[in-house]
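Please open the model in a viewer and keep the selection panel at hand. The stops below proceed from one selection to the next.

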Amino acid sequence: MSDPKLISNVPEGPLKDKWSKRKSSIRVVSPNNKRKLEIIVVGTGLGGASAAASLGEMGYNVKIFCISDSPRRAHSIAAQGGINAAKNYQNDNDSVSRLFFDTVKGGDYRSREANVYRLAEVSAAIIDQCVAQGVPFAREYGGYLANRSFGGVQVSRTFYARGQTGQQLLLGAYASLNKEIAAGTVKSYPRHEMLDLVVINGEAKGIIARNLVTGEIERFGAHAVVLATGGYGNAYFLSTNAMNSNGSAAMQAYRKGAFFANPCFAQIHPTCIPVHGDQQCKLTLMSESLRNDGRIWVPKKKEDVEKLRKHQVKPSQIPEEDRDYYLERRYPAFGNLVPRDVASRAAKERCDAGFGVNETGLAVFLDFADAIKRLGHQRVQERYGNLFDMYEKITSTSPWEEPMMIYPAIHYTMGGIWVDYDLKTTIPGLYAIGEANFSDHGGNRLGASALMQGLADGYFILPYTIGDYLSHKFSEPKTDINAPEFDEAEKAVRERIEKIFAVKGTETVDSIHKKLGHIMWEYVGMARNEAGLKKAIEEIGKLREEFWKTVRVPGTNEEFNQELEKALRLVDFFDIGELMARDALNRRESCGGHFREEMQTEEGETKRDDENFMYVAAWEYKGEGKEPELHKEELKYENIKIVTRNYKD
Amino acid sequence: MEYNVKVWRQKNAKAKGHFETYHVTDVEEDASFLEMLDILNDQLIRKGIEPIAFDHDCREGICGACSLYVDGRAHGPDDEVTTCQLFMRHFKPGATITVEPWRSSAFPVIKDLVVDRTAFDKILQAGGFITVRAGSAQDGNAILIPHDDAELSMDAAACVGCGACVATCKNGSAMLFVAARVSSLALLPQGKPEAARRARAMVAKMDELGFGNCTNTRACEMECPKHVTIDHIARLNREYLKARFSE
């Protein structure tokens with residue numbers, strides 16, 4: 001049974017009718033009342049920008065916040081490969097139910113069935129909306145929309161704009177946002193960082209934000225708050241996330257009573273450019289779309305590995321029969337297009353066995369020689385040209401001549417703030433959308449589904465469901481930002497900032513963050529075990545103490561101060577890291593991106609434990625230094641047969 | 001490797017700026033330019049000197065946040081890259097590297113190398129969109145767009161809004177930025193109904209915000225990290241002229 005504090009509010013009845021049923025029961029707010037209602041949206045990625053634009057179009061008063069100098073720079077911009085939609089334009093028998101099935105299976109049966117079905121249901125409308133906005137999706141010569149395949153599926157349902165799909169979708173959402181800013185329904189606050197959530201009488205009523213240019217601590221009130229603040233992958237320091245991506249807004253909500261669900265589910269992306277040295281601050285992703293045509297391999301012979309590491313032989317000189325295309329060997333049905341978690345672990349397995357192809361031993365090949373032969377230079381250029389250029393700029397090796405070298409890296413976090421079917425958190429009036437929530441991807445997200453979720457939540461789901469809450473609020477006066485709850489929240493923020501400046505130590509924020517990253521990658525990374533996770537919790541605790549004794553943040557609060565920004569985020573990453581380790585320790589099963597070494601098959605595949613862990617682990621904050629309390633939402637699959645994931649046949 | 005970094009320091013928008021030269025050590029050969037600045041900042045903080053402020057985020061050349069003038073070139077001495085995709089292998093060890101913020105009256109300095117580019121947002125708010133409401137769109141395949149038109153539109157849409165075009169133009173013109181958006185939408189059937197209004201409004205806003213005029217020097221095209229060409233400026237001019245006649 002599910003915990004009474006976790007009511008999912010999934011409507012009764014057949015799966016395919018649930019969303020229609022919910023929509024018809026949602027109370028709507030009349031246009032004149034919408035004008036009286038204020039909504040705060042934090043974050044301007046695909047989720048936040050699309051939600052704010054849609055809410056503005058509906059007539060609400062929206063305030064939108066982002067930490068960048070412009071909403072257009074949110075990290076959705078960096079998504080490369082594409083966006084899924086059940087359009088069946090390829091006539092390959094795709095459908096809403098197939099997209100639903102692939103997503104639940106890809107997530108290793110740890111997502112909420114009804115939410116995933118709805119995601120698949122609205123996916124087609126997203127493409128229509130984006131086309132109407134002028135997103136230049138790739139087209140066939142006849143003028144029709146083109147598609148490609150992504151990992152974990154056997155149909156072609158991914159829409160794309162070269163290797164810049166996230167950029168184009170975000171520019172579409174940002175354009176809609178600009179239209180509403182011009183119309184006066186949305187007010188934009190760039191270079192503002194949320195530093196606390198304000199809760200009054202149990203309801204979310206506003207935020208405290210720092211003006212990153214002046215350092216001013218400002219108060220903003222509203223009738224509801226939407227968090228679209230992305231994931232927390234930067235807890236690992238090195239990840240494919242942008243440098244400023246952080247989990248602080250989610251942590252602030254968590255400390256104010258929002259439950260945090262499945263924190264241990266982090267996605268490790270198989271195709272990233274390998275780490276080159278210890279001064280690196282960021283890893284670069286090479287799009288999953290490359291696995292459509294690229295073949296992954298390592299040498300079969302150790303002597304070839306040695307020669308490669310010493311640069312005595314070029315990869316292209318290793319004969320075909322001496323190459324181990326290990327994904328094609330192990331997973332013949334899906335080959336190079338297995339889901340991300342499977343591909344990442346397989347790369348780790350080969351490298352651990354001593355077949356890594358670069359000096360560090362932590363790299364495998366992604367080879368396009370066959371694709372160039374089969375498709376010709378022109379078509380490969382059209383599909384992947386910009387990715388090849390990017391790879392060459394970074395590594396000074398041309399993928400046209402020699403295979404790319406890749407290795408897995410932290411990319412996305414499936415876990416996030418717990419939400420019900422309406423995307424409402426455990427705090428009334430607080431909503432979480434996109435990567436910031438937990439609901440749609442379970443233990444592993446399929447490629448091209450993050451963009452789909454962000455826009456589904458923002459254009460088509462949240463704008464409806466939030467109305468149900470607001471329909472009870474239009475007679476309430478505007479939130480008073482002089483209320484004692486705002487005083488308290490602002491005071492706490494100021495104290496936290498002063499405490500950081502007061503340390504006056506010797507270590508830089510980044511140097512401590514790197515240490516956290518090492519702990520996380522070592523013990524809460526691609527393979528986890530009980531002893532390691534316990535050690536991680538202990539080590540993070542020690543590092544947190546070290547931070548509060550040794551960190552040095554120069555300057556003052558009352559100015560543009562990037563070191564202060566980083567320090568405030570790192571304080572939250574300690575808590576996130578610890579929560580991830582705690583959750584991973586509790587989940588004594590292997591599932592999706594969460595691999596517990598104690599739980600694996602003889603072939604080294606994940607071993608789920610449906611009897612004991614078919615639930616969402618939602619953690620409740622119990623105070624500083626106290627262990628959080630675990631609540632369980634039982635997962636029921638009424639419309640899908642639960643099987644062991646099999647990508648072999 | 002070691003370098004001397006001659007960098008613009010400016011406390012805030014009101015303060016007077018000046019150059020300072022710092023010595024940075026222990027830079028790996030594969031480091032990116034921004035990683036070199038990270039290393040320098042780490043060394044400065046340990047010496048009790050305030051770190052250098054600079055905008056950056058994705059570090060893979062797509063967010064458009066980084067905006068440095070390196071050795072006299074927007075985004076430094078490499079072609080078709082943003083500053084984050086510039087690598088230290090392009091600099092001789094021991095060299096003195098000069099780093100400045102974008103210089104344009106429309107982009108005032110906030111601190112050190114950080115400038116205020118909200119003028120770009122304002123131009124786009126003036127008309128850089130298609131007026132469509134979520135929920136009202138027809139099927140995506142109902143609008144047929146020839147492959148080559150979609151590709152050409154995408155060429156323009158690749159603009160990352162970094163501002164290198166403005167920074168490098170002797171007139172401080174934002175024509176390439178405006179052209180990228182106007183052209184991308186004008187090439188698509190969806191963008192046609194508002195094409196005239198869009199071209200007029202965006203050009204008027206650009207002028208109002210203090211950007212200079214275009215004199216076709218093509219400097220913008222040379223420094224654009226995404227290879228947006230001045231063909232799009234030609235298309236903007238056509239759209240603008242058409243719009244004037246339709247008034």
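**First stop: two helices of chain A**

Select helix 15 (residues 509–523) of chain A and helix 17 (residues 562–586) of chain A: their axes come within 10 Å and cross at roughly 20 degrees. Axes here are lines fitted to C-alpha atoms, for helices over the stretch in contact, and angles run from 0 to 180 degrees between N-to-C directions. Helix 15 of chain A and helix 17 of chain A are therefore roughly parallel to each other (angles under 35 degrees count as such). Helices (H or I, at least four residues) and strands (E, at least two) are DSSP runs, numbered from the N terminus.

The model is predicted: local features need pLDDT of at least 70, side-chain atom pairs count only at pLDDT 80 or more, and totals for chains, interfaces and linings use all residues. Residues are numbered from 1 along each chain as its sequence is written, and chains are lettered from A and ligands numbered from 1 in the order in which they are written.

Viewed along the pair, helix 15 of chain A passes helix 17 of chain A in a left-handed crossing (the near helix is turned anticlockwise from the far one by less than a right angle). Now show the side chains of the contact: Leu516(A) and Met520(A) are among those from helix 15 of chain A, and Leu570(A), Phe573(A) and Phe574(A) are among those from helix 17 of chain A. Residues are in contact if their C-beta atoms, placed from the backbone, lie within 7 Å. The residues of this contact divide into 10 nonpolar, 2 polar and 3 charged. Ala, Val, Leu, Ile, Met, Phe, Trp, Tyr, Cys and Pro count as nonpolar, Asp, Glu, Lys and Arg as charged, and the others, Gly among them, as polar.

**Second stop: a sheet of chain A**

Select the open sheet of chain A, in which 5 strands follow the order 5-2-1-9-17 with parallel pairing; strands pair if DSSP finds at least two bridges between them. At the edges, strand 5 (186–189) and strand 17 (430–432) of chain A each pair on one side only. Strand 9 (residues 224–227) of chain A joins strand 17 of chain A over 3 bridges, and Leu227(A) has Ala432(A) as its bridge partner there.

**Third stop: the interface**

Show both chains: 65 residues of chain B are in contact with 66 residues of chain A. On the chain B side, helix 1 of chain B gives the largest share, 6 residues. That side divides into 30 nonpolar, 18 polar and 17 charged residues.

Key. Contact = placed C-beta atoms within 7 Å. Parallel < 35°, antiparallel > 145°, perpendicular 65-115°, else oblique.
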